[in-house]
Amino acid sequence: MRRLYDPIKKFEEGQFVRTYFNQRSFQRLMFGGNISVQPWKEHLSITASPMLTRYISHGIDYSHCHNIFRVGIGVDFSYGNWLAYGNIMSGPANYMYGEEIIEEKDMNEIMVGYKRDKWSIHAGVFNAFINYWMESRNLSALAPYTSKAHNRGSSIYFAVKFNLMLDFGRKSREIDIHPNDIDRDSGIMTGTK
């Protein structure tokens with residue numbers, strides 16, 4: 001009786017079969033944090049977010065360990081009802097699974113906005129300073145490959161975001177009730193015999 005799949009055999013009838021059945025275990029350890037400074041107290045904050053991810057992937061006939069370091073930097077500014085923020089993230093989609101490593105170019109955004117109590121509007125641009133690229137590498141000893149994707153033209157796109165807070169339903173009135181904790185009758189009785 002012929003088995004439908006032999007996990008060690010990667011070729012079937014002369015054709016390479018790509019499968020994840022060869023994957024035995026996969027661990028991802030992430031270490032990260034945030035460092036924030038406020039040079040202009042309530043109006044400006046700068047945040048750096050470094051992160052190190054260690055990928056450990058074991059299969060029947062392979063074992064891979066790979067470290068991916070990325071860092072994000074964000075700047076937030078607000079004054080009155082106006083706000084602006086910018087972010088840059090190195091390789092936000094960098095990832096490993098099985099024998100495949102995916103690496104992506106840095107991404108960035110710049111947004112400005114206006115906010116009120118019940119609504120806000122923001123407009124901005126993504127990837128203003130880069131041309132997008134992504135690379136995928138397979139580390140397989142039997143059929144390794146590298147795949148690249150990039151945008152020769154502009155990879156800039158614009159965004160507008162509008163938030164509106166709607167209040168529905170019954171609202172309970174706020175009543176300021178304070179318990180009467182004044183003890184006017186101490187319970188001491190006076191009298192004569």
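User: What makes β9 and β12 a pair?

Analyst: Strands β9 (residues 100-104) and β12 (residues 133-138) share 5 bridges, in the antiparallel sense. Two strands pair if DSSP finds at least two bridges between them, so β9 and β12, with 5 bridges, qualify. Within β12, S136 is the bridge partner of I102. A strand here is a DSSP run of E with at least two residues, a helix a run of H or I with at least four, both numbered from the N terminus.

This is a predicted model, where local features need pLDDT of at least 70, side-chain atom pairs count only at pLDDT 80 or more, and totals for chains, interfaces and linings use all residues. Residues are numbered from 1 along each chain as its sequence is written, and side-chain values use heavy atoms, leaving out hydrogens and water.

User: Why are β8 and β13 said to stand at the edges?

Analyst: The open sheet has 4 strands in the order β8-β9-β12-β13, with antiparallel pairing. β8 (95-97) and β13 (145-150) each have a single partner strand, so one side of each is left without a neighbour in the sheet.

User: Why is G74 called buried?

Analyst: Buried means under 20% relative accessible area, exposed over 50%, and partly exposed in between (1.4 Å probe, protein chains only). G74 has a relative accessible area of 10%, so G74 is buried. G74 is in strand β6 (residues 63-79).

User: Which residues is G74 in contact with, leaving aside neighbours within four places in sequence?

Analyst: They are S45, I46, T47, G86 and N87. Contact means heavy atoms within 4.5 Å. The C-alpha atoms of G74 and S45 are separated by 8.2 Å, and the two residues are 29 apart along the chain.

User: Why does L166 count as exposed?

Analyst: L166 has 55% relative accessibility, so L166 counts as exposed. L166 is found in the segment after β14.

User: What makes the nonpolar surface patch?

Analyst: W119, I121, V160, F162, L164, L166 and F168 make the patch, about 790 Å². Patch residues have over 30% relative accessible area and no salt bridge; nonpolar side chains (Val, Leu, Ile, Met, Phe, Trp, Tyr) are joined within 5 Å, like charges within 9 Å. A salt bridge is a side-chain nitrogen of Lys or Arg within 4 Å of a carboxyl oxygen of Asp or Glu. Areas come from the Shrake-Rupley method with a 1.4 Å probe; for residues, only the protein chains shown count as cover. The largest share, 3 residues, comes from β14.

User: How many helices and strands does the chain have?

Analyst: The chain has 0 helices and 14 strands.
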